[in-house]
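User: Hey, I'm new to this one. Can you walk me through it?

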Amino acid sequence: MPIDAARALAADPRQGDIGWDHKDIQLYHLGLGAGLPATDPDELRYTLESKLHVLPSFATVAGAGMAMLGGLGQPGIEVNLAHVLHGGHSIELHRPIPVKGRATSSSKVAAVYDKGKAAVIVLRSEVADADGPLWTSDAQIFVRGEGGFGGERGPSAKEELPGRTPDRVEERHIREDQALLYRLSGDWNPLHADPEFAKMAGFDQPILHGLCSYGMTLKAVVDTALGGDVSRVRAYRTRFAGIVFPGETLRIRMWQETGRVLASVTAVERDDAPVLADTVVEHS
């Protein structure tokens, strides 16, 4: 059987050392579209080393995706990578991410769910430095054709949006070269750069990384609903509901509630086609 859930869950975590500095942070922020206008004081917090803060979604690229690669190589997990989709992602911040750091990442399979025609594997990465825990990151990996093994279906992450007008609506344009810049942070999948590869995968052109949309959305929430204070973010989760292409525009609708912001993200040019759903930013 390609997925042996019991064996995968019982496997020892994989340990590894990761490190980053201001250049990694600045490159990640630029890949999200930060720096426009270049001299805007609010944007300099993302691009100028003397004023730098760290957007919490940087946790998804620190160590260049070690959790996902390590998890898919765990005992009990033998899947066809062509059937693998990144279904959702969540991060929990234990304290603000420093501009420069060295840490240890411990990665494991945290759960395996049976969705009938597919399996969902939750790959968890726990990252800590000398001062203690920094963040916990969960990648929900959807594997087509691997369900039906009799496991639990797992919890529903569905978030019902309020039946009122959004408190904020922000639009964020995706530059034509944005996927090329974002991939320098560690996701080298040619689907996001090579037109011929994209066509083989069924797309007319390369698509934007889902985690780039994820980071762009968090930046929009921080810059508007949270007054630009990245340290207020406690947790952030989403489900990848659809694709978006470089050159398109994200429409980010936000509903503010006590201690959290709900968001819906769509592609403007394709009649508000869904991009991110069940999106929640928990904050102080």
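User: How do strands E7 and E10 pair?
Analyst: Strand E7 (residues 233–240) and strand E10 (residues 273–283) run antiparallel, joined over six bridges. Strands here are DSSP runs of E, at least two residues, and helices are runs of H or I, at least four, numbered from the N terminus; two strands pair if DSSP finds at least two bridges between them. Heads-up: this is a predicted model, where local features need pLDDT of at least 70, side-chain atom pairs need 80 or more, and totals for chains, interfaces and linings use all residues. Residues count from 1 along each chain as its sequence is written, and side-chain values use heavy atoms, without hydrogens and water.

User: What stands opposite Arg237?
Analyst: Val280, in E10.

User: What's the strand order in the open sheet?
Analyst: Its 10 strands go E1-E3-E4-E5-E2-E7-E10-E9-E8-E6, with antiparallel pairing. E1 (14–20) and E6 (168–173) are at the edges with a single partner strand each, so one side of each has no neighbour in the sheet.

User: Switching topic: is Thr249 buried or exposed?
Analyst: Buried, with a relative accessible area of 10%. Buried means under 20%, exposed over 50% and partly exposed in between, using a 1.4 Å probe and protein chains only. Thr249 lies in strand E8.

User: Which side chain does Thr249 make a polar contact with?
Analyst: His173, at 3.4 Å. A polar contact is a pair of N or O atoms within 3.5 Å; within protein, one must be able to donate a hydrogen and the other to accept it, and residues adjacent in sequence count only if both atoms are side-chain atoms.
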